[in-house]
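This report describes a single protein chain for a reader who has not seen it before. The sequence and structure come first, and the text then goes through selected residues and regions.

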Amino acid sequence: MNAFNSMQISATGLAAERLRMDTITSNIANASTTRSADGSGPYVRRVAVFQEALDANKNMAGVKAVKIDKDKSPLRRVYDPTNPDADASGYVTMPNVNVLNEMADMMVAQRSYEANTDTFNALKGMFSKALEIGK
């Protein structure tokens, strides 16, 4: 693996963690959305799914987003007969988003993003020093 491959791996990691943070942000923003725009029901938590990216020689080339999947955990039911989306017995189906879990996931994604940034900057510094040596 050459040094430029290392930079590519860090760059794909940065893009993946940004997508993960965007997905988490969407989950937090919709934590209390009981009706989607098309009226099909409450918001369902989304999860970014990643996979290793391989080059033509089957060497590690980074990470890639495969899809954004819907979480299969059950939706919550809350008793609130005053809510316009309540059923006949007064229960509202709420999204399966736990804001505390989302915040913990956001902190992990942020630390991963920072680690990739530090790696990228360290590689950039090494390249600069190598160019100075060659002068």
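Is E17 buried or exposed? E17 is buried, with a relative accessible area of 11%; buried means under 20% relative accessible area, exposed over 50%, and partly exposed in between, with a 1.4 Å probe and protein chains only. The model is predicted, so local features need pLDDT of at least 70 and side-chain atom pairs count only at pLDDT 80 or more, while totals for chains, interfaces and linings use all residues. Residues are numbered from 1 along each chain as its sequence is written, and side-chain values use heavy atoms, with hydrogens and water left out.

**E17 and its surroundings**

E17 is placed in helix α1. Helices (H or I, at least four residues) and strands (E, at least two) are DSSP runs, numbered from the N terminus. Leaving aside residues up to four places away in sequence, E17 touches A109, S112, Y113 and N116, where contact means heavy atoms within 4.5 Å.

E17 also forms a salt bridge with R20, that is, a side-chain nitrogen of Lys or Arg within 4 Å of a carboxyl oxygen of Asp or Glu. Both residues of this pair lie in helix α1 (residues 3-29), 3 residues apart, which is about one turn of the helix. R20 is partly exposed, with a relative accessible area of 23%.

**Salt bridges**

Side chains of opposite charge can pair when their charged atoms come close. The structure holds 9 salt bridges, and the table gives some of them.

| Salt bridge | Closest N and O atoms |
|---|---|
| E17 and R20 | 3.4 Å |
| D71 and R45 | 3.2 Å |
| R45 and D105 | 3.2 Å |

D71 forms a salt bridge with R45. D71 lies in the loop between β2 (60-70) and β3 (76-79), and R45 in the loop between α1 and β1 (46-54), so the pair ties together parts that are 26 residues apart in sequence. D71 is partly exposed at 21% relative accessible area, whereas R45, at 15%, counts as buried.

D105 is partly exposed, with a relative accessible area of 25%. Salt bridges that share partners join R45, D71, E102 and D105 into one network.

**The aromatic pair**

A pair of aromatic rings is described by the distance of the centres and the angle of the planes. The structure holds 1 aromatic pair. Y79 and Y91 form this pair, which is edge-to-face, at 5.3 Å centre to centre and 65° between the planes. Rings of Phe, Tyr and Trp (its six-membered ring) pair if their centres lie within 6.5 Å; planes under 30 degrees apart count as stacked, over 60 as edge-to-face and the rest as tilted.

Y79 lies in strand β3 and Y91 in strand β4 (residues 91-94), so the pair ties together parts that are 12 residues apart in sequence. Y79 counts as exposed at 52% relative accessibility, and Y91 is partly exposed at 34%.

**Regions from the record**

UniProt, in an unreviewed entry, lists "domain: Flagellar basal body rod protein N-terminal" at residues 7-34. Over residues 7-34 the chain is 82% helix and 0% strand, with the end C-alpha atoms 43 Å apart. The unreviewed entry in UniProt also places "domain: Flagellar basal-body/hook protein C-terminal" at residues 89-132. Residues 89-132 are 77% helix and 9% strand, and their end C-alpha atoms are 74 Å apart. UniProt positions are given in the numbering used here, feature names are shortened, and annotations may be inferred rather than shown by experiment.
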